[in-house]
Amino acid sequence: MINNDVLRSLRFMLNISDAKVAEIIGLADLEISEASISACLKKEDEEGFTPCTDEVLAHFLDGLVIFRRGKDDSRPAPAIEL
């Protein structure tokens, strides 16, 4: 399964908008535009498709933990592993 499929599946499963996906990624300290997220969520055969990098997916997953549980300020955030 490619990163785009994972991101697309999670977005639909959580029923969140492209803007919310970008916001969640921002929680993990990676700024990305809503347009970039929209391009990653397109199917491979659609015009404007952009592959989702490991970095973007890793930041989304870390941001999702922060979004659901909150940020733990008592310890430093772990580094993103690629």
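**View 1. Asp29, an exposed residue in the loop between H2 and helix H3 (34-41)**. In this predicted model, Asp29 is exposed, with a relative accessible area of 62%, where exposed stands for over 50%, buried for under 20% and partly exposed for the range in between, with a 1.4 Å probe and protein chains only. Asp29 lies in the loop that separates H2 from helix H3 (34-41), helices being DSSP runs of H or I with at least four residues and strands runs of E with at least two, numbered from the N terminus. Its phi is near 70 degrees, a positive value in a residue other than glycine. Most residues other than glycine have a negative phi. Residues are numbered from 1 along each chain as its sequence is written. Local features need pLDDT of at least 70, side-chain atom pairs count only at pLDDT 80 or more, totals for chains, interfaces and linings use all residues, and side-chain values use heavy atoms, with hydrogens and water left out.

**View 2. Asn15, in the loop between helix H1 (3-14) and helix H2 (18-27)**. Asn15 has a positive phi of about 55 degrees, although Asn15 is not a glycine. The residue is exposed, and its relative accessible area is 69%.

**View 3. Asn3, a buried residue of helix H1**. Asn3 belongs to helix H1 and is buried, with a relative accessible area of 16%. When neighbours within four places in sequence are set aside, Asn3 is in contact with Cys52, Thr53, Asp54 and Leu57, contact meaning heavy atoms within 4.5 Å.

**View 4. The crossing of H2 and helix H4 (residues 54-69)**. The axes of the two helices come within 7 Å and cross at roughly 85 degrees, the axes being lines fitted to C-alpha atoms over the stretch in contact and the angles running from 0 to 180 degrees between N-to-C directions. H2 and H4 are therefore roughly perpendicular to each other, a term that covers angles of 65 to 115 degrees. On the H2 side, the contact is made by Lys20, Val21, Ile24, Ile25 and Leu27, and on the H4 side by Val56, His59, Phe60, Gly63, Leu64, Ile66 and Phe67. These residues divide into nine nonpolar, two polar and one charged, where Ala, Val, Leu, Ile, Met, Phe, Trp, Tyr, Cys and Pro count as nonpolar, Asp, Glu, Lys and Arg as charged, and the others, Gly among them, as polar.

How values were computed
Parallel < 35°, antiparallel > 145°, perpendicular 65-115°, else oblique.
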